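The following note sets out, point by point, what may be read from the coordinates shown below. It is intended for a colleague who has the sequence and the structure at hand.

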Amino acid sequence: MNLPIKFPSDAEVILEEVARFQALTPEKRLRSIRGILNAGALILRKSPKAAWLKQYSEEQELLAQHITREFIARHAR
């Protein structure tokens, strides 16, 4: 079906968002990042699974650290 409306591809949307972010001043970039982090923290606080999410996040961080150490030990000669 040939629709008269053109929807942007995911790549086009991402590139537009990147360009918009890069056009911001450093202060506005930091404000934007802080806003995203604050929104995530709010979602975690309000979630009925907050305890599980915190534990899972901590486990993932420890796993990432372990994998990073193994990678460095294998390749740092």
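Predicted model: local features only at pLDDT ≥ 70, side-chain atom pairs only at ≥ 80, totals over all residues.

1. Burial is reported for 1% of the 77 residues, where a residue is called buried if its relative accessible area is under 20%.

2. Secondary structure. The protein has three helices and zero strands. Read from the N terminus, the order of elements is α-α-α. The radius of gyration is 20 Å, well over the 11 Å that the globule rule gives for 77 residues, so the protein is more spread out than a compact globule.

3. Overall dimensions. Along the principal axes, the C-alpha atoms occupy a box of roughly 55 × 40 × 40 Å. Pro 8 belongs to the segment before H1 and is partly exposed, with a relative accessible area of 46%.

4. Segment before the helix H1. Ile 5 is also located in the segment before helix H1, which spans residues 10-22. Leu 3, Ile 5 and Phe 7 make a nonpolar surface patch of about 350 Å². Why can Ile 5 be called exposed? Its relative accessible area is 55%, and the term applies over 50%.

5. The protein carries 13 positive and 9 negative charges. Side chains of opposite charge can pair when their charged atoms come close. How many salt bridges does the structure hold? There are three, and each is treated in a separate point below.

6. Lys 6 and Glu 12. The side chains of Lys 6 and Glu 12 form a salt bridge, with an N to O distance of 3.5 Å. Lys 6 is exposed at a relative accessible area of 64%, whereas Glu 12 is partly exposed at 34%.

7. Glu 17 and Arg 20. A salt bridge joins the side chains of Glu 17 and Arg 20, at 2.6 Å from N to O. The two residues are three apart in helix H1, so about one helical turn separates them. Both partners are given as partly exposed: Glu 17 has a relative accessibility of 44%, and Arg 20 has a relative accessible area of 47%.

8. Lys 54 and Glu 58. Which residue forms a salt bridge with Lys 54? The partner is Glu 58, and the closest N and O atoms are 3.9 Å apart; the cut-off for a salt bridge is within 4 Å. Lys 54 and Glu 58 are four residues apart in helix H3 (residues 50-75), so they are separated by about one helical turn. Lys 54 counts as exposed at 55% relative accessibility, while Glu 58 counts as partly exposed at 44%.

9. The protein consists of three helices and zero strands, and its radius of gyration of 20 Å is well over the 11 Å of the globule rule. Of the 77 residues, 1% count as buried. The salt bridges number three, among them the one between Glu 17 and Arg 20. The nonpolar patch of about 350 Å² is made by Leu 3, Ile 5 and Phe 7.

Note on methods. Residues numbered from 1 in each chain as written. Heavy atoms only, no water. Rg over C-alpha atoms; globule rule 2.2 N^0.38 Å. Buried < 20%, exposed > 50% of the residue type's maximum accessible area, 1.4 Å probe, protein only. Lys, Arg positive; Asp, Glu negative; His and termini not counted. Charge placed at Lys NZ, Arg CZ, Asp CG, Glu CD. Patch = residues over 30% accessible without salt bridge, like charges linked within 9 Å, V, L, I, M, F, W, Y side chains within 5 Å. Areas by Shrake-Rupley, 256 points an atom, 1.4 Å probe, with all protein chains shown as cover.
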